[in-house]
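The exercises below are meant to be worked through with the sequence and the model side by side. Try each task before reading the solution that follows.

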Amino acid sequence: MAAVTSASRRLRSHLMRRLATSYTPHLCLRPVSSSQELAQSQSQAQDHNYESLKVTPVGDHVLHVQMNRPEKRNAMNRAFWREMVECFNKIAQDSNCRAVVFSGAGKMFTSGIDLMDMAGDLQPEGDDPARVSWKLRHLISKYQETFTVLEKCPKPVIAAIHGGCIGGGVDLISACDIRYCAQDAWFQVKEVDIGLAADVGTLQRLPRIIGNQSLVNELAFTARKMMADEALSSGLVSRVLQDHESLLATAFALAAEISTKSPLAVQGSKINLLYSRDHTVKEGLNFMATWNMSMLQTQDIVKSVEAAFQKKDLKSVTFSKL
């Protein structure tokens, strides 16, 4: 307690010295266009060239990642499972990116796994069942990483869902941090209809999101459709928008809002939220104390408090890249 009080005094003293000077925070006065205009005006992001995905910058610190096989209803082919890992590993290391919006091009979010393209992987050849099983376990683990990479990426990922979100699409959005959908969206844990149990994240993450084991069991056992209003009332999504256009505009606005905050604070919050989800309260608090014993020393706190004292708009504060 004494250490906390001492640190608080030092911070207060430092702030008062800074406020007594003629310090003026750097203001970012660049006009901000509408979310839709930003999305339409930007070209492919540098270093992001994929077969199944399209990545475009939206404003200064937001990336828009789209599943980009509209002619195939964004079915998840071999390239998709590989490129998702490559894409989000790059985004994790992109110091300019502070938030991501993830959506699907065309008439729907995704129809799930591309059975025509993936059939060979699902039924590998071999005479020894043990060796075939060994290969399958490795393959399944690799596919699980395709969506786990969304959680590992410290940048918040906002899923913007319209139309159908089927099978692997539910696995995908379950690994996202925030989920918005359009009124026409519907969700389906489809795997039982093709003779398998969902194996890349839905059965592990969905119960924690919805918090209703009975409902999760029903969806997983029957493959019935969950419509947008039920998704909202169950907690799968936090907002339902009228149409695809307003959905993207709202998601981009949310991402832009997040991007104005300290990246240390936002990304630290994501990491600690995920850690606490998978650990006890005591373990989570201990991890948080260890985390913040270094992160509390950031200049981002000084900048934020100074702006508040001077009654400045907090969005005017410029934070260094992370």
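**Exercise 1.** Which residue in E7 does Cys 165 stand opposite?

Solution. Begin with how the model is to be read: it is a predicted model, in which local features need pLDDT of at least 70 and side-chain atom pairs count only at pLDDT 80 or more, while totals for chains, interfaces and linings use all residues. Residues are numbered from 1 along each chain as its sequence is written, and side-chain values use heavy atoms, with hydrogens and water left out. Helices (H or I, at least four residues) and strands (E, at least two) are DSSP runs, numbered from the N terminus, and two strands pair if DSSP finds at least two bridges between them. With these terms in hand, look at E5 and E7, which pair in the parallel sense over 3 bridges; there, Cys 165 stands opposite Phe 187 in E7. The pair of strands belongs to an open sheet of 3 strands with mixed pairing, in the order E5-E7-E8. The edge strands of this sheet are E5 (164–166) and E8 (225–227), each of which pairs on one side only.

**Exercise 2.** Describe the 6-stranded sheet, and say which strands stand at its edges.

Solution. First write down the order of this open sheet, which is E1-E2-E3-E4-E6-E9, with mixed pairing. Next look at the two ends: E1 and E9 (239–241) each have a single partner strand, so one side of each is left without a neighbour in the sheet. Finally, the twist averages 20° from one strand to the next, with axes taken as lines fitted to C-alpha atoms (for helices over the stretch in contact) and angles running from 0 to 180 degrees between N-to-C directions.

**Exercise 3.** Why is strand E2 said to be largely enclosed by the rest of the structure?

Solution. Start from the cut-offs: buried means under 20% relative accessible area, exposed over 50%, and partly exposed in between (1.4 Å probe, protein chains only). By this rule 6 of the 6 residues of E2 (residues 62–67) are buried, so the strand is largely enclosed. In a regular strand the side chains alternate between the two faces of the sheet. In E2 both faces are covered, with Val 62, His 64 and Gln 66 buried on one side and Leu 63, Val 65 and Met 67 buried on the other.

Then consider the strands that pair with E2. E1 (residues 53–58) pairs with E2 in the antiparallel sense over 6 bridges, and the two form a hairpin with 3 residues between them, where Gly 59 in the turn has a positive phi of about 75°. Within this pairing, Val 58 stands opposite Val 62, and Val 55 has Val 65 as its bridge partner. E3 (residues 99–104) runs parallel to E2 and is joined to it by 6 bridges; here Val 65 stands opposite Phe 102, and the bridge partner of Val 62 is Ala 99.

**Exercise 4.** Which residues have the most contacts inside the largest nonpolar core?

Solution. A nonpolar core is a set of buried Ala, Val, Leu, Ile, Met, Phe, Trp, Tyr and Cys residues joined through side-chain atoms within 4.5 Å. The largest has 49 residues, and those with the most contacts inside it are Phe 88, Leu 172 and Phe 187. Its largest share, 6 residues, comes from helix H3 (residues 78–92). For contact in general the rule is heavy atoms within 4.5 Å; leaving aside its neighbours within four places in sequence, Phe 88 is in contact with residues including Val 65, Phe 102 and Val 149. A second, separate core of 16 residues includes Ala 182, Leu 247, Ala 255 and Ile 258.

**Exercise 5.** Is Val 192 buried or partly exposed?

Solution. Locate Val 192 in the loop between E7 (186–188) and helix H7 (202–210). At 36% relative accessibility, Val 192 counts as partly exposed. Leaving aside its neighbours within four places in sequence, Val 192 is in contact with Ala 220, Phe 221, Thr 222 and Ala 223. Of these, Phe 221 is 29 residues away from Val 192 in sequence and 6.7 Å away in space, C-alpha to C-alpha.
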